[in-house]
Amino acid sequence: MKIWSALVVTLLYAGHAVAHHAEAVFDQRQVLSVTGTVKAFVWANPHSLIYLEVTGASGQTDVNVFEGGSAVVMKRNGWSRGSLKVGDKLAVDFHPRIDKKPGGQFVTATLTDGTKLAWRPVTTP
């Protein structure tokens with residue numbers, strides 16, 4: 001009976017683990033670009049985040065949130081806790097959210113000096 005209970009609990013929670021790491025909330029077929037000013041850079045696990053102030057065509061400023069990989073994965077690809085600083089101007093290429101909320105999953109971040117950082121190796125199809 002204990003084995004059966006353990007199996008049921010494992011199966012119930014396995015779906016949550018897979019769903020969390022799925023990229024289903026992002027449209028992987030599209031890559032959009034936006035430029036703005038870094039409001040915050042969160043170097044964390046399980047996902048690092050870039051908060052970017054973006055001024056739209058109407059002149060209104062919104063904060064877009066871009067999700068990347070874990071600190072460990074990003075470090076392997078050249079990132080560090082100090083890669084982005086508040087006030088940095090930044091261009092972000094990203095996969096947009098399918099729910100149309102501002103932000104998405106960033107692919108690359110390019111600083112004004114031309115430094116380009118990707119959170120995982122960029123591949124071409």
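Author: The protein has two helices and six strands, taking helices (H or I) as DSSP runs of at least four residues and strands (E) as runs of at least two, numbered from the N terminus. Along the sequence they come in the order α-β-β-β-α-β-β-β. Bear in mind that this is a predicted model, where local features need pLDDT of at least 70, side-chain atom pairs count only at pLDDT 80 or more, and totals for chains, interfaces and linings use all residues. Numbering runs from 1 along each chain as its sequence is written, and side-chain values use heavy atoms, with hydrogens and water left out.

Now for the rings. Searching the whole structure turns up four aromatic pairs; Phe, Tyr and Trp rings (six-membered ring for Trp) pair if their centres lie within 6.5 Å, with planes under 30 degrees apart called stacked, over 60 edge-to-face and the rest tilted. Phe41 and Trp43 make a tilted pair, 6.1 Å centre to centre with 55 degrees between the planes. Ring pairs also tie Phe41, Trp43, Trp79 and Phe106 into a cluster.

Phe41 counts as buried because its relative accessibility is 15%, buried being under 20% relative accessible area, exposed over 50% and partly exposed in between (1.4 Å probe, protein chains only). Trp43, at 17%, is buried too.

Zooming out, buried residues are 32% of the 125 in the protein. Of the contacts (heavy atoms within 4.5 Å) between residues at least 6 apart in sequence, 53% join residues at least 24 apart.
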